[in-house]
Amino acid sequence: MTQTPSAHTPAQGQASARITVPAQHPMVTVLGSGDSLLRVIEKAFPAADIHVRGNEISAVGDTHEVALVQRVFDEMMLVLRTGQPMTEDAVERSIAMLKASENGESDGQETPAEVLTQNILSSRGRTIRPKTLNQKRYVDAIDKHTIVFGIGPAGTGKTYLAMAKAVQALQSKQVNRIILTRPAVEAGERLGFLPGTLYEKIDPYLRPLYDALHDMLDPDSIPRLMAAGTIEVAPLAYMRGRTLNDAFIILDEAQNTSPEQMKMFLTRLGFESKIVITGDVTQVDLPGGTKSGLRQVQEILEGVEDVHFSRLTSHDVVRHKLVGRIVDAYEQYDSRNGTENGGHNGGRTPRHGAKAKGK
């Protein structure tokens, strides 16, 4: 598509729609640089013929698709009205949400504009916000519930959004401290063979949490906050025997907890605290035969009041598009072959002829 001087007249059985872009929105913000946003919409709706003339956009063609095209542009206008720019990714996600709602795959309670304009945290010139419907519902669940589980594949923003909510809660004085923890379980490596002190051995496993903090806070303030105990980053083993009051607590990589560790962690909950537990049950690095506490806890706590399970999928991946395709490919492979994570027994081969046990 490119701009055209006149709109086509709909044939019999077809529909037409006309969208007028308000003068305060330059057409480049709607169409994208080099019509990049428009090309995304055209690709998604091949049965609709889209034309642009001045500040008017017209669509002619299949009735269903024309109606969706109009809704996409309406949602874009609502987002642009907030001052937030539209990107190709945001347009693609808006289209996916609208199609899912039309197909009955979603209850359609939230519109794309509501999802894309919900600000969680503004820091260092950038704003952190959900990018998909499931991410918005995950963030909303953190507001509403004391314990929230964020379960989904890599790249779905489980930990990052939880960290943003933790920083938001600290800054608004809802809590007095943030506690970030992970089990120090290796993905094929052994801690004992790493050089250095215990802290230096464990630090690489906590590094992703530090990285997220640096995105959300002034890096110069982080050492001061950690020295004061306002922010604590520690291995899961350090939680034993404690009661955590007035804190926002995040357990990351929870698929690598044993059932005993998961119970221990959940019972650390004190007054005026909130817990968010994140993990990906398809990437368990526990020794063969050890059951994942994150898998088991879903059977135990599902339906318990004030405990919520948010489940994200490959459609919520916000990394490179290829990551979502990789996640889907592994799921299809495991479904066909009856495996987990691409291999029997969670991807580990039992030694000395031992029997493989499920996690």
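**Entry 1: α6 and α7**

I began with helix α6 (residues 133–144) and helix α7 (residues 158–171), which pack at an angle of about 40 degrees with their axes 10 Å apart. For these values I note that axes are lines fitted to C-alpha atoms, for helices over the stretch in contact, and that angles run from 0 to 180 degrees between N-to-C directions. Helices (H or I, at least four residues) and strands (E, at least two) are DSSP runs numbered from the N terminus. The angle makes α6 oblique to α7, on a scale where under 35 degrees counts as roughly parallel, over 145 as roughly antiparallel, 65 to 115 as roughly perpendicular and the rest as oblique. I recorded the crossing of α6 past α7 as right-handed; the convention is that the near helix is turned from the far one clockwise for right-handed, and anticlockwise by less than a right angle for left-handed.

On the α6 side I found Q135, Y138, V139, I142 and D143 in the contact, and on the α7 side K158, L161, A162 and K165, where contact means heavy atoms within 4.5 Å. Sorted by class, this contact has 5 nonpolar, 1 polar and 3 charged residues; Ala, Val, Leu, Ile, Met, Phe, Trp, Tyr, Cys and Pro count as nonpolar, Asp, Glu, Lys and Arg as charged, and the others, Gly among them, as polar.

**Entry 2: what kind of model this is**

I keep in mind that this is a predicted model, numbered from 1 along each chain as its sequence is written. Local features need pLDDT of at least 70 and side-chain atom pairs count only at pLDDT 80 or more, while totals for chains, interfaces and linings use all residues, and side-chain values use heavy atoms, with hydrogens and water left out.

The mean pLDDT of the protein is 85, with 84% of its residues at 70 or more; pLDDT is the predictor's confidence in each residue, from 0 to 100. Over residues 1–7 I see pLDDT under 50, and the model has 17 contacts for them beyond four places in sequence. Residues 344–359 also have pLDDT below 50, with 26 contacts in the model beyond near neighbours in sequence. Where pLDDT is low, the predicted coordinates should not be read in detail.

I next looked up helix α2 (residues 36–44), which packs with helix α3 (residues 63–81) at an angle of about 150 degrees, their axes 11 Å apart. That makes α2 roughly antiparallel to α3, and α2 passes α3 in a right-handed crossing. L37, L38, I41 and A44 of α2 meet E65, V69, V72, F73 and M76 of α3, a contact with 8 nonpolar, no polar and 1 charged residues.

With helix α4 (residues 88–102), α2 packs at about 25 degrees with the axes 9 Å apart, and α2 and α4 are therefore roughly parallel. Their crossing is right-handed. From α2 the contact takes S36, L37, V40, I41 and A44, and from α4 it takes E88, V91, E92, I95 and K99; I counted the classes as 6 nonpolar, 1 polar and 3 charged.

**Entry 3: the sheet of 3 strands**

I traced an open sheet of 3 strands in the order β1-β3-β2, with antiparallel pairing; two strands pair if DSSP finds at least two bridges between them. Because β1 (15–20) and β2 (48–53) each have a single partner strand, they stand at the edges and one side of each is left without a neighbour in the sheet. Neighbouring strands are turned by 15 degrees against each other on average, direction ignored. β2 pairs with strand β3 (residues 56–61) in the antiparallel sense over 6 bridges, and H51 stands opposite S58 in β3. α3 packs on this sheet, touching β1, β2 and β3, and its direction makes about 10 degrees with that of β1.

**Entry 4: the sheet of 6 strands**

Last, I followed an open sheet of 6 strands with parallel pairing, ordered β8-β7-β9-β10-β6-β11. Its edge strands are β8 (231–235) and β11 (307–311), each pairing on one side only, and the twist averages 15 degrees from one strand to the next. Strand β9 (residues 247–251) and strand β10 (residues 274–279) pair in the parallel sense over 4 bridges, and I249 has I275 of β10 as its bridge partner. Helix α10 (residues 259–266) packs on the sheet, touching β6 (147–151), β7 (177–182), β9 and β10, with its direction at about 155 degrees to that of β10.
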